[in-house]
Amino acid sequence: MSALEIQLIPALSDNYVYLVREPASATTAVVDPAVPEPVIAALEAHGWTLDFILNTHHHADHIGGNAALKERYGAKVIGPAADAHRISTLDRQVREGDHVSIGDQEAEVFEVPGHTSGHIAFWFANSDALFCGDTLFALGCGRLFEGTPAQMWRSLGKLRALPDTAKIYCGHEYTESNAQFAVTIEPGNVALTARADDIAATRRRGEPTIPTSLGLEKATNPFLRADVPETQAALGMAGGDPSAVFAEIRGRKDRF
Ligand code: ZN
Ligand code: FE
């Protein structure tokens, strides 16, 4: 069994598209192609074709490359059943607990509504890789366009249950501004303040902050810490209902 090889492709102003390759079977997929051009360029550089397109949700900056890549390579588009009515290129609809194979690597599908009502994530356990679109970001989470705070808190809880070693491949490079917000929530979290310094240095070098790890997120991402006593105390909400604490943090971020 050979783990997935994952290549990060920056697109638009701050999107990340991921080229995913299972080398033993020479199977290639792309996750959330915002636009086709950089994906085609990367495939051509390697001399690869494209077998699958995985979509986490219906937003244009995640599916914008579907039609052109599907036409050029005959790739099959796999995405959320709940979004079938608004992803016209979809070939296979998947739901919670379904499995998606890229060669011998298999992903489990999680339904993670909140940013959008149909949002899903793909968890490749044998490669320790999570593709979570705009649900979980490094030090942040997606805006609640189509969901409630309680729904998003439950969705993030599913992702938080994965192993600490899980590598998090999210849809955007928002990490530096997320860090500037996160330190206002938990100024006394030394793991967070140290990480914020690392992130600023990484971005000064023009490098991506992705992937992050779930263990690091659990220690520093305020949106995963709404039930952590230290975080609740920092907000003056000790003993509070976690989804109410989450709603408070999300509201502050929306106004930040
Ligand atoms: Zn989105
Ligand atoms: Fe997005």
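This is a predicted model: local features need pLDDT of at least 70, side-chain atom pairs count only at pLDDT 80 or more; totals for chains, interfaces and linings use all residues.
Which strands stand at the edges?

Look at β1 and its partner. β1 and β2, residues 15-22, run antiparallel, and 7 bridges join them. Take Ile 6 as an example: its bridge partner in β2 is Val 20.

Now the helices on this sheet.

On to another sheet. This open sheet has 6 strands, ordered β7-β8-β9-β10-β13-β14, and mixed pairing. The edges are β7, residues 99-102, and β14, residues 212-213. Each of these has a single partner strand, so one side of each lacks a neighbour in the sheet. Strands β9, residues 120-124, and β10, residues 129-133, run antiparallel and are joined by 3 bridges. Here Trp 123 has Leu 130 in β10 as its bridge partner. Helix α4, residues 149-160, lies across β8, β9 and β10, at about 155° to β8.

What about the stretch between β6 and β7? Asp 98 sits in that loop. With a relative accessible area of 27%, Asp 98 is partly exposed. Leaving aside residues up to four places away in sequence, Asp 98 touches Arg 92, Gln 93, Ala 107, Glu 108 and Val 109. The C-alpha atoms of Asp 98 and Val 109 are 5.4 Å apart, and the two residues are 11 residues apart along the chain.

Next, the metals. Which residues coordinate the iron ion, ligand 2? They are Asp 61, His 62, Asp 134 and His 172, at 2.1 to 2.4 Å. In sequence, these donor residues are spaced D-H-x71-D-x37-H. The angles at the iron ion run from 84 to 171° for the 4 donor atoms, which makes the arrangement irregular.

His 62 lies in helix α2, and His 172 in the loop between β13 and α5. The pair therefore ties together parts that are 110 residues apart in sequence. Are they buried or exposed? His 62 is buried, at 0% relative accessibility. His 172 is buried as well, at 3%.

Last, the aromatic rings. The whole structure holds 10 aromatic pairs. One of them is Tyr 18 with Tyr 169, an edge-to-face pair. Their centres are 5.2 Å apart, with 75° between the planes. Tyr 18 is in strand β2 and Tyr 169 in strand β13, so this pair links parts of the chain 151 residues apart. Both tyrosines are buried. They also belong to one aromatic cluster with Tyr 16, Phe 124 and Phe 131.

Note on methods:
Residues are numbered from 1 along each chain as its sequence is written. Chains are lettered from A and ligands numbered from 1 in the order in which they are written. Side-chain values use heavy atoms; hydrogens and water are left out. Two strands pair if DSSP finds at least two bridges between them. Helices (H or I, at least four residues) and strands (E, at least two) are DSSP runs, numbered from the N terminus. Contact means heavy atoms within 4.5 Å. Axes are lines fitted to C-alpha atoms, for helices over the stretch in contact, and angles run from 0 to 180 degrees between N-to-C directions. Donors are N, O and S atoms within 2.8 Å of the metal (3.2 Å for Na, K and Ca); water is not among the atoms, so sites may look incomplete. Four donors count as tetrahedral if all angles lie between 85 and 135 degrees; four count as square planar and six as octahedral if opposite donors are over 155 degrees apart and all others between 65 and 115; anything else is irregular. Buried means under 20% relative accessible area, exposed over 50%, partly exposed in between (1.4 Å probe, protein chains only). Rings of Phe, Tyr and Trp (its six-membered ring) pair if their centres lie within 6.5 Å; planes under 30 degrees apart count as stacked, over 60 as edge-to-face and the rest as tilted.
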